[in-house]
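Colleague: I would like to learn how to read aromatic rings in a model. Please start with a charge and a ring.

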Amino acid sequence: SGINAEYGHYYITNNLRMIKALFIALFFVTVDAHGYKGPEWRQTYDKAEKTEDVTELEAYGFEECEDWVRPHETPEGELEEIHFEDALNGQHHNMKPHQPQSMAMACSHYECPNIEVLQSDGCGYITRYIPGGYWISSDVDYSAAEPLREAYVRVHRYRYKNNDGGVRIPSTRPTITWETLDAEGNVIGATMNMWVASEWQDKFPGSTDPLVRIVKMPDLKVYSRSYGGYLEDELYGEQFELLEEALSNQGIEVDESARLRVVFTYLRYGSQRIEAMLVGR
């Protein structure tokens, strides 16, 4: 009887240890598969969840110019090697340029500013009006190990942690990295910006992080090209060149001291919508 009791205690204790070990293992596998791991990681792409039944025009938001190729139709021979690499976590990832997520889907789960689409007289770009308002802002240090992520984390933490109101402010889209350029087009400064949710526009709390501030942006008329992919893609960088050419063809002048990298989706998970954007004069 004593032996059976002792054995039963051992059996239960041993199984509890095994269950605990299994739980810990599953936890780390989950974090490994879905946690943010830096620029070399691409999060799992769930095709069933992220596929949209929209036209190419609805996805991109503009008519492409004749003889110009949509990024997702770029021949494989012209793509960077990164688009064919296996992700470090061994999962399937949507690494190739793809049709961007539509604005309707990008703004369906998070609030976006009341951005108005204006008439575009030419091809190859979207024309929009962004109303003035308050944005959460932090400087981007391009000498840092992960400059955009570090700035984003600071901005993100203001919403729920580093504000003097002790409140939780909803996340919004998009985030805008506003780069300031010199006369030669070199980046001489940059800020990461997230729009303050509409319910907090007139009563936002102060920041308790000295590296984060609330700034008021004026009304902006902007021009952009959308892209399904990632900020580090060469093809994304080319969208600025194509945008400048498309605007030049229409005689449209822009602020040459500003370049905006705009992100509407959670990077490294599913279909993406990022934009190359310039500000009108």
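Modeller: Arg70 lies over the face of Tyr60, 4.2 Å from the ring centre. A charge sits over a ring if NZ of Lys or CZ of Arg is within 6 Å of the ring centre and within 35 degrees of the ring normal. Likewise, Arg173 lies over the face of Tyr110, at 3.9 Å from the ring centre.

Colleague: What should I know about the model and its values?

Modeller: This is a predicted model, where local features need pLDDT of at least 70, side-chain atom pairs count only at pLDDT 80 or more, and totals for chains, interfaces and linings use all residues. Residues are numbered from 1 along each chain as its sequence is written, and side-chain values use heavy atoms, with hydrogens and water left out.

Colleague: How many aromatic pairs does the structure hold?

Modeller: A pair of aromatic rings is described by the distance of the centres and the angle of the planes. Rings of Phe, Tyr and Trp (its six-membered ring) pair if their centres lie within 6.5 Å; planes under 30 degrees apart count as stacked, over 60 as edge-to-face and the rest as tilted. The structure holds 5 aromatic pairs. Tyr60 and Phe62 have ring centres 6.0 Å apart and planes at 80°, so this pair is edge-to-face.

Colleague: Is Tyr60 buried or exposed?

Modeller: Buried means under 20% relative accessible area, exposed over 50%, partly exposed in between (1.4 Å probe, protein chains only). Tyr60 has 1% relative accessibility, so Tyr60 counts as buried. Phe62 is buried at 2%.

Colleague: Which residues do ring pairs link into a cluster?

Modeller: Tyr227, Tyr236 and Phe240.
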